[in-house]
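Subject: Structure for you to look at

Hello,

Here is the structure I said I would pass on. Please open it first, then read the notes below it.

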Amino acid sequence: MEIPTLADVLDAKKRIKPYLPRTPLIKYDSLGELVSAEVYVKHENHLPTNAFKIRGGMNLISQLPEDERRKGVISASTGNHAQSIAYSSRIFGTKATIVMPANANPLKVEATKRLGASVILYGKDFDEAREFAERVALEQDIRYVHSANEPLLIAGVGTLSLEIFEDLPDVDAIFLPVGGGSMASGACIVAKAINPKTQVIGVQAAAAPAAYLSWKEGRLVSDNMATFAEGLATRVGFELTQNILRSGLSDFVLVSDDEIKKAIYLLIEKTHNLVEAAGSAPLAGLIKSKEKFKGKKVAVVTSGSNISPAQLKEILSA
């Protein structure tokens, strides 16, 4: 698995441009007042599947060899990657099968089916679903699409960071959520090539810290996974993304589920945008680190808005 370059991200930008809109980067003084900084929100929640993952899915599926496209693909996801692969497969005419945990967000399951993918519910969490999908791929000799260990996915999602630099070249820091790590990996690649002074800050749930621990210890680590933020809920670190994060990530912040919920509320109140748990984690990370970024220009990425009514009701009634 070769690490993508800026050239790969630029190529991905050309590939996805006919299919996906550019997402806005908006400055919110109401958020800036909370942390004494200039705060800009990158609204990936405005994409067709309401999540950033579609950038990577479009870049990868569009480049499948004909034999793989004819056989179809299989992947595993808690939801947003699932919709990305389903949407992209429909656009480029291939069959998609997605394995999702048995307790997956029902809205994400339904959305994935609506986009034309076959959905298999299996396992108690993402990693059990992933392991099952890998076995099926081997048994049926079809293309398995990992949610993070895919250079084309990383190059695709790297386009969001490219857009940030195009809109705000002197951005001091970019806060991004980390589950598998594809988004943060793409940001590291782009920042290193365009403005190495920009800090790339990963944010993960403290109740599912495998990626953080893998980064900190310099080896792939497995750990508990008890967060309600399904987009951050990975039990293990992944080889390709960890290789990129170790050399490119400036810092890694862990936030509690309560801090994530507070950030969801703040984003609704201050930006009038609905954001899922993983999408609010960057703001939670910035608030936790605010002393370091006073007076700085900071971008936070709202990675998606696929939150269930039950989750939203719980947060708003707290």
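Leaving aside neighbours within four places in sequence, Ile287 is in contact (heavy atoms within 4.5 Å) with Val35 and Leu266. Ile287 belongs to helix H13, residues 277-288. Helices here are DSSP runs of H or I with at least four residues, strands are runs of E with at least two, and both are numbered from the N terminus. The relative accessibility of Ile287 is 24%, so Ile287 counts as partly exposed. On this scale, buried means under 20% relative accessible area, exposed means over 50%, and partly exposed is in between, with a 1.4 Å probe and protein chains only. Ile287 is also 256 residues away from Leu31 in sequence, while their C-alpha atoms are 9.6 Å apart in space.

Before going on, a note on what you are looking at. This is a predicted model, in which local features need pLDDT of at least 70 and side-chain atom pairs count only at pLDDT 80 or more, while totals for chains, interfaces and linings use all residues. Residues are numbered from 1 along each chain as its sequence is written, and side-chain values use heavy atoms, with hydrogens and water left out.

The whole chain

The chain has 14 helices and 10 strands. Its radius of gyration, taken over C-alpha atoms, is 18 Å, close to the 20 Å that the globule rule gives for 318 residues, so the chain is as compact as a globular protein of that length. That rule is 2.2 Å times the number of residues to the power 0.38. Along the principal axes, the C-alpha trace spans about 55 × 45 × 40 Å. Of the 318 residues, 60% are buried. Among contacts between residues at least 6 apart in sequence, 73% join residues at least 24 apart.

A buried glutamate

Is Glu44 buried or exposed? Glu44 counts as buried, because its relative accessibility is 0%. Glu44 sits in the loop between strand E2 (38-43) and helix H3 (54-61). Its side chain makes a polar contact with the side chain of Arg55, at 2.6 Å. A polar contact is a pair of N or O atoms within 3.5 Å; within protein, one must be able to donate a hydrogen and the other to accept it, and residues adjacent in sequence count only if both atoms are side-chain atoms. Not counting residues up to four places away in sequence, Glu44 touches several others, among them Thr23, Asn50, Leu160 and Val301.

Two positive phi angles

Most residues other than glycine have a negative phi. Asn50 is not a glycine, yet its phi is positive, near 65 degrees. Asn50 lies in the loop between E2 and H3 and is partly exposed at 30% relative accessibility. Ser36 also has a positive phi, of about 55 degrees, without being a glycine. Ser36 is in the loop between helix H2 (29-35) and E2, and its relative accessible area of 42% makes it partly exposed.

A strand residue

Ser118 is in strand E5, residues 118-121, and is partly exposed, with a relative accessible area of 34%. Leaving out residues up to four places away in sequence, Ser118 touches Lys95, Ala96, Thr97 and Ile98. Cys188 is 70 residues from Ser118 along the chain, and their C-alpha atoms are separated by 34 Å.

Regards
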